[in-house]
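User: I am new to reading protein models and would like to learn how to go through one feature at a time. Could you take me through this one slowly?

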Amino acid sequence: MYMKPDRLGWTVYIATPEAAKQFFLKTGKFPSYIYAKSDISLEKDTLFHDFVGPKNILFASKKDEWKKHRKLVNPAFHKSKPLKTFGTLAHKVFSVLDDANEAPVNITLLMERYTLDVIGHAGFGFDFDSILHNNNEWVQTYNGIKDGITDPVFFLMPWLDKHFRWMCPKRRHRHHLVAQFHDMLSGVIEKKRQRLQQQLQQQDEAADEKDLLSLMLESEFSEGGNVLTDEEIKSNLNVFFLAGHDTTANALSFAIHALARDPALQEKAREEALRVLGDAPHDVLPTSSDLKQLEYLNRIIKETLRFNGPSTGGMPRRLTCDTNLMGVALPKGTPIMCSIYDMHHNPRVWTNPETYDPSRFAPGGEADQKAASRDGGAMAWSPFFNGQRMCIGMQFSLEEQRVMLSCLLRKYEWRLPENSIHKENVITGTVGIMTAKNLEIIFKRRY
Ligand code: HEM
């Protein structure tokens with residue numbers, strides 16, 4: 001553990017599995033968490049607050065409030081397994097790669113378009129069509145909001161947004177975009193509620209391909225209604241965007257980079273993809289049983305999430321009572337974070353942590369050995385956090401990555417351009433979600 005100044009002031013950072021075990025699993029007595037989420041990111045009247053809204057699963061800091069959201073959201077994520085959606089949209093990405101005709105492609109931006117279309121379809125049955133038409137109205141609207149939220153000036157000085165946005169027409173426009181986006185979402189929710197009430201919901205639609213909004217509304221309907229207000233449902237949908245879109249896009253681009261840097265690794269992963277999915281010269285849609293057999297690819301995905309996990313530390317917390325953490329007395333009110341990045345790169349936790357090595361995740365390998373130990377070793381790999389507040393979209397994201405990467409391996413060989421700045425390791429460039437700086441890749445068709 002160490003301390004450094006952060007947005008909440010001097011903050012304790014956890015970087016070992018033993019301390020992380022307490023942080024993740026020792027939640028404290030009802031109704032409060034010991035390590036309760038701080039609402040710093042949600043200052044009222046900011047663009048971020050306007051977009052995401054205060055009442056949702058991610059920001060809930062009290063147990064009863066969180067349970068209310070999790071009750072509806074959980075069954076939706078359990079039922080949802082939209083492999084067809086993942087696959088069909090991956091094929092659209094391929095048409096962009098084919099058009100590039102072996103010219104370098106900014107893979108992070110392309111993966112962001114892919115994951116935006118995925119979350120539109122799988123989240124609430126909406127087609128952003130951002131892979132093929134990145135300039136259309138709704139993509140521009142969403143991107144305008146996202147750029148506004150991640151603008152470093154307003155991120156670091158939220159009071160500018162609250163008190164002085166009247167001086168900045170561009171900022172006012174961004175708030176206007178949020179209102180437009182919310183109106184669109186409200187319309188979709190309303191229509192879906194009506195369909196459900198009139199029992200027009202297609203009964204024959206496979207549950208695993210239904211969108212998360214429909215699944216949440218169905219689960220609410222079966223509870224007799226009124227579990228969450230429309231505002232709360234909308235707020236949860238917006239969280240799925242913020243939590244599930246850039247994170248998965250960056251995880252995918254880091255994996256594509258790892259495979260580009262090491263042709264032998266790429267070839268081995270391709271052999272597995274061809275063995276499982278066949279080598280016929282046309283695109284395929286992987287099934288659930290196919291994905292289970294992609295064992296080597298899975299190791300690559302896991303090692304990529306250890307080496308370059310897009311979420312480096314989750315949201316800041318504050319202690320709600322005096323606590324003893326690993327023999328250190330910490331007073332109530334202390335700001336505290338779990339640094340996933342530091343834990344994943346800690347030489348006292350992982351052997352040669354700066355070496356990218358998927359074999360750590362082979363059966364009986366380093367990761368399994370750690371998980372079997374009693375001192376919190378299972379927490380050593382926590383790209384999605386752990387315990388109660390672990391990422392609810394973990395399986396969704398892992399399946400999305402497996403589908404995209406296995407289809408990509410079948411269809412293309414890829415490499416870094418000669419002058420790439422990412423030859424050794426990927427160079428990253430932002431705060432918050434870890435993102436590669438202008439990562440370009442050259443794709444060569446196999447069929
Ligand atoms: C590689 C991809 C992803 C990573 C690395 C990731 C990481 C995380 C982490 C670290 C947390 C805990 C945050 C905290 O408590 O401070 C979290 C929570 C969450 N994530 Fe993800 N996530 C990913 C993908 C997704 C996807 C695809 C979705 C939804 C479609 C999603 C939805 C959520 C939600 C709703 C929570 C809040 C859960 C709760 O508090 O009960 N995430 N994620």
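Analyst: Let us begin with a pair of strands: β9 is joined to strand β10 (residues 440-445) by 4 bridges, and the two run antiparallel. Two strands are said to pair if DSSP finds at least two bridges between them, and the strands themselves (E, at least two residues), like the helices (H or I, at least four), are DSSP runs numbered from the N terminus. Within this pair, Tyr412 stands opposite Arg445 in β10, while Glu413 stands opposite Lys444.

User: Before we go on, what kind of model is this, and how are its residues numbered?

Analyst: It is a predicted model, in which local features need pLDDT of at least 70 and side-chain atom pairs count only at pLDDT 80 or more, whereas totals for chains, interfaces and linings use all residues. Residues are numbered from 1 along each chain, in the order in which its sequence is written.

User: What is the mean pLDDT of the protein chain?

Analyst: The term pLDDT stands for the predictor's confidence in each residue, from 0 to 100, and where it is low, the predicted coordinates should not be read in detail. Here the protein chain has a mean pLDDT of 92, with 97% of its residues reaching 70 or more, and the model scores ipTM 0.99 and pTM 0.95.

User: In what order do the strands of the open sheet stand?

Analyst: The open sheet has 3 strands in the order β4-β10-β9, with antiparallel pairing. Because β4 (105-106) and β9 (412-415) stand at the edges and each has a single partner strand, one side of each is left without a neighbour in the sheet.

User: Which residues of β9 are on its covered face, and which on the uncovered one?

Analyst: In a regular strand the side chains alternate between the two faces of the sheet. In β9 the covered face has Tyr412 and Trp414, and the uncovered face has Glu413 and Arg415.

User: How many residues of strand β1 are buried?

Analyst: A residue counts as buried if 20 or more other C-beta atoms, placed from the backbone, lie within 10 Å of its own, as exposed if 12 or fewer do, and as partly exposed in between. Strand β1 (residues 2-6) is hardly covered, for the count of buried residues among its 5 residues is 0. A hairpin joins β1 to β2 through 2 residues, and 5 bridges link β1 with β2 (residues 9-14) in an antiparallel arrangement, with Asp6 having Gly9 as its bridge partner.

User: Which residues of helix α1 are buried, and what do they pack against?

Analyst: In α1 (residues 17-25), the buried residues are Pro17, Ala19, Ala20, Lys21, Phe23 and Phe24. To judge packing we use contacts, where two residues are in contact if their C-beta atoms, placed from the backbone, lie within 7 Å. The buried residues of α1 pack against β2, β3 (35-37), β6 (323-325), β8 (335-338) and α16 (340-344).

User: Is Asn101 buried or exposed?

Analyst: Asn101 is exposed, with 9 other C-beta atoms within 10 Å. Phe385, in the loop between α17 (366-372) and α18, also has a positive phi, near 65°, but Phe385 is buried, with 20 other C-beta atoms within 10 Å.

User: Which residues come nearest to the ligand?

Analyst: A residue is near a molecule if its C-beta atom, placed from the backbone, lies within 6 Å of it. Of the 24 residues around the ligand, Gly244, Thr247, Gly314, Cys391 and Gly393 come nearest. Helices α11 (230-244), α12 (246-261) and α18 (394-411) each supply at least two residues of the shell, and α11 gives the most, with 4 residues.
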